[in-house]
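Visitor: I'm new here, and I'd like a quick tour. Could you show me what we're looking at?

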Amino acid sequence: MKRENKAYSFKEQIIELELKEEIKKKKGIKEEIQLTSKQKEMLTAQLEKESQMRKQLKELDTELESTLGLFDAVLKRNPPSLSQYIPALVGCFLPLLKSPLAAPRIKAPFLSLVSCVMPDHLKTFGTVASHVTLRMMKPECDLDESWCQEDLPTAVNRVIGLLHTHTVPTRITKGEEGPMPLSAPAFSLVFPLLKMVLLETTNDSEEKEELMVKVLQIITVHAQLRSSTNDENWLVDEVKFL
């Protein structure tokens, strides 16, 4: 009988402990973990490290916001000399689109570059091309859903086709105005898209091969393109974007 009582008592204790644990879980009560002095030191050091990191990120964000504010002011004035800086700006903006901190701030300035370099009859095309470039890059920020409704491969084919039509010379009747290459700054804006298409397209169908041929023809037409300035320091060489 004593053994049975002990066994029964032990079983009751187990049930009671399980019941208490269940009640704690339901109430959200957690037992406080006791840390050793060494663990406390490590925790303090980690918290300090995270605090410093947050401070640095905040400073970087503030600096970026200030810099983009200056850029926006210049963009509103849109001086003629601004186009000379477009290749450098594109080179700065694109890597920042991969940063969760910078991408949300960089997206709008990148899209605004179209107004600086594209001729009036190609501004709409430039806007479409810039949005497709963003979609291809998969930046660390939300994109405008209204520009993402079209299937990406279809959008890429359409943009490359339009760019080819507008810039690659074809046989034309005398007196007709044919396609014209983009200016060097304008080409630097669309070149990242051309580069991604070449690098990311698998040549496994006639349609894709035709797409890649068009891209190569566009690049060939613009290969010797230079900016209009006479200052050699501002010559725009597309090869550096490769």
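Guide: First, a term we'll need: a pocket is an open set of grid points with protein on both sides within 12 Å along at least five of seven lines. Keep in mind, too, that this is a predicted model.

Visitor: Which elements give two or more residues to the lining of the largest pocket?
Guide: That pocket has a volume of about 220 Å³. Its lining includes P153, V156, V197, E200, K208 and L211. The elements giving two or more residues are α7 (152-167), α8 (184-200) and α9.

Visitor: Which element gives the largest share of the lining of the largest cavity?
Guide: A search of the whole structure turns up 1 cavity of 30 Å³ or more, and the largest cavity has a volume of about 40 Å³. Among the residues lining it are K107, H131, L134, R135 and W147. The largest share, 3 residues, comes from α6.

Visitor: Is V90 buried or exposed?
Guide: V90 sits in helix α3, residues 86-96. Leaving out residues up to four places away in sequence, V90 touches L113, S188, L189 and P192. Although V90 and S188 are 98 residues apart in sequence, their C-alpha atoms are 7.4 Å apart. The cut-off for buried is under 20% relative accessible area, and V90 is at 0%, so V90 is buried.

Visitor: Which backbone oxygen does the side chain of H222 reach?
Guide: H222 is found in helix α9, residues 206-222. Its relative accessible area is 0%, so H222 counts as buried. At 2.7 Å, the H222 side chain reaches the backbone oxygen of I218.

Visitor: Where does pLDDT stay under 50?
Guide: For the protein, the mean pLDDT is 83, with 82% of residues at 70 or more. Where pLDDT is low, the predicted coordinates should not be read in detail. The stretch where pLDDT stays under 50 is residues 227-242.

Notes: Residues numbered from 1 in each chain as written. Predicted model: local features only at pLDDT ≥ 70, side-chain atom pairs only at ≥ 80, totals over all residues. Heavy atoms only, no water. Helix = DSSP H or I, 4+ residues; strand = E, 2+ residues; numbered from the N terminus. Buried < 20%, exposed > 50% of the residue type's maximum accessible area, 1.4 Å probe, protein only. Contact = heavy atoms within 4.5 Å. pLDDT = per-residue confidence, 0-100. Polar contact = N/O pair within 3.5 Å; in protein donor to acceptor, adjacent residues only side chain to side chain. 1 Å grid on protein atoms, 1.4 Å probe; cavity = no way out; pocket = protein on both sides within 12 Å on 5 of 7 lines; lining within 4 Å. Points joined across faces, edges and corners; volume = space filled by probe spheres on them.
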